[in-house]
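Reader: I am new to this structure and would like to learn how to read it. Could you take me through it feature by feature?

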Amino acid sequence: MKKIQMVDLKGQYEQIKERVDSSVLDVINSSAFINGPEVHSFQKELETYLGVKHVIPCGNGTDALQIAMMGLGLKPGDEVITADFTFAATVEVIALLQLTPVLVDVEPDSFNIDPAAIRKAITPNTKAIVPVHLFGQSANMDEIMSIAKEHNLYVIEDNAQGIGGEYKFNNGSITKTGGIGHVASTSFFPSKNLGCYGDGGAIFTNDDDLAHTIRGIVNHGMYKRYHHDVVGVNSRLDSIQATILRAKLPNLDAYNIARNEAAEKYTKAFEGIDNIITPKISKPGDYKAHVFHQYTLRVLDTDRDALVKHLNANDIPCGVYYPIPLHSQKAYQDDRYNEADFPVTNQLVKEVISLPMHTELDDEQIGYITKTVIDFVKK
Ligand SMILES: *Cc1c(COP(=O)(O)O)cnc(C)c1O
């Protein structure tokens, strides 16, 4: 059996090696390392793929979130509601901009921000909601967009884990994630569904004015050379990363299908095991409803940390995303929070475990992983 990786970037590279190698060399020969034609072409191709009017590439997914918030003109003291159960980048940039993070609980089946908890957290100072399409499945955007409309709030989608996924609205219309809110961010970190070979990120919006504002912010607040109209940042995607992303973008749907196929096999193998809860897919069989950035189980009545050790001892890498609720992290503690407001997150952090998930998993590996998990948890 091939050695099992949490993410198999090497195996994926082998499939596209020729194109990647030659296009990276072309960039080096062109010397257009920053803001070259490759970045522009990638931007256009991603706009077409996503069906959004504007893609603004930037340095990474954390910058993308920060720049989106700067672009919306959010001011210190403005409250921004986001999920307690997510990667820290989301809350980090809110705090960094001196906005007030308001963490709320998530839903137990989707792991995504709970619209009822959002409603409860709204105050006159609330300015924005940041849903994270966690593990590759869209948050409940019907509810979130309607809450936002009712209360005149911005919606910033953190789509770092959801690229290529779609959301089907109650009225039947379908939109790719990242094209639903006022603005969205994504990350091209190597292990993301569309990853480059270094750092990268992008902001998406359908709003022409906001896109213009953001294009200046990513470039030192410049709209005209050496005229700095606003305080900006330096955050850019380099041409080598852009050309690698151009090689991968045409395969993104196939990558997400491969992830779904691996997920289906996992779920099938765990059928009938009472103390394992497999990920709930809102539309089973639709490979865009969930793009499985992570395949995350809940294990009940089991010592989850002992399971992690057991898998590692059997050469199976795994991850715990996330082991600590954000509201309990030292940097983000706040007297306003009440433990009783986070029953789901407080439970999930003890139960979740993410299994290897990438485009190169084979049946033998999946069989070995699932058997090893089941042997441990089965009573
Ligand atoms: C990866 C990730 C980010 C940050 O992206 P970077 O490119 O690593 O800065 C933000 N939010 C979520 C949910 C992520 O998974």
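Predicted model: local features only at pLDDT ≥ 70, side-chain atom pairs only at ≥ 80, totals over all residues.

Reader: Into which domains is the chain divided?

Author: Domain 1 covers 9-250 and domain 2 covers 252-377. Their C-alpha centres lie 24 Å apart. In the contact, domain 1 takes part with 47 residues and domain 2 with 36 residues.

Reader: How much area do domain 1 and domain 2 bury between them?

Author: About 3,600 Å², with 55% of it on carbon and sulfur atoms. Across this interface there are also 23 residue pairs in polar contact. On the side of domain 1 that touches domain 2, the elements giving two or more residues include helix H1 (9-30), helix H4 (89-96) and strand E3 (100-104). E3 gives the most to that side, with five residues. By class, the side of domain 1 that touches domain 2 has 21 nonpolar, 14 polar and twelve charged residues.

Reader: How should I read a salt bridge?

Author: Side chains of opposite charge can pair when their charged atoms come close. The structure holds 18 salt bridges, and three are found across the interface of domain 1 and domain 2.

Reader: Which residue forms a salt bridge with Lys280?

Author: Asp109 does, with the closest N and O atoms 3.6 Å apart. This pair links distant parts of the chain, 171 residues apart: Lys280 is in the loop between strand E12 (276-277) and E13, and Asp109 is in the loop between E3 and helix H5 (115-121). Asp109 counts as partly exposed, at 37% relative accessibility.

Reader: What does the salt bridge of Lys120 with Asp341 tie together?

Author: Its closest N and O atoms are 3.9 Å apart. Lys120 lies in helix H5 and Asp341 in the loop between H10 and H11, so the pair ties together parts that are 221 residues apart in sequence. Lys120 is exposed at 70% relative accessibility, while Asp341 is partly exposed at 37%.

Reader: Is Arg304 buried or exposed?

Author: Arg304 counts as buried, because its relative accessibility is 7% and buried means under 20%. The side chain of Arg304 meets that of Asp305 in a salt bridge (2.9 Å, N to O). Asp305 is partly exposed, with a relative accessible area of 45%. Salt bridges can also form a network, as they do among Glu38, Glu45 and Arg246.

Reader: What should I look for in the backbone?

Author: Most residues other than glycine have a negative phi, and most peptide bonds are trans. A cis peptide bond joins Tyr321 and Tyr322, with omega about 10 degrees. Tyr322 lies in the loop between helix H10 (304-313) and helix H11 (343-351).

Reader: Where is Asp301 placed?

Author: Asp301 is in the loop between strand E13 (295-299) and H10. Although not a glycine, Asp301 has a positive phi of about 45 degrees. Asp301 is exposed, with a relative accessible area of 69%. Asp315 also has a positive phi, about 60 degrees, and lies in the loop between H10 and H11. The relative accessible area of Asp315 is 62%, so Asp315 is exposed.

Reader: Which residues does Thr205 touch?

Author: Leaving out residues up to four places away in sequence, Thr205 touches Val52, Lys53, His54, His182, Val183, Leu210 and Ala211. Thr205 lies in strand E9 (residues 201-205) and is buried, with a relative accessible area of 2%. A polar atom of the Thr205 side chain lies 2.7 Å from the backbone oxygen of His182.

Technical notes
Residues numbered from 1 in each chain as written. Heavy atoms only, no water. Domains from an automatic or database assignment. Contact = heavy atoms within 4.5 Å. Buried area = accessible area lost by both parts, 1.4 Å probe. Salt bridge = Lys/Arg side-chain N within 4 Å of Asp/Glu carboxyl O. Polar contact = N/O pair within 3.5 Å; in protein donor to acceptor, adjacent residues only side chain to side chain. Helix = DSSP H or I, 4+ residues; strand = E, 2+ residues; numbered from the N terminus. Nonpolar A, V, L, I, M, F, W, Y, C, P; charged D, E, K, R; others polar. Buried < 20%, exposed > 50% of the residue type's maximum accessible area, 1.4 Å probe, protein only.
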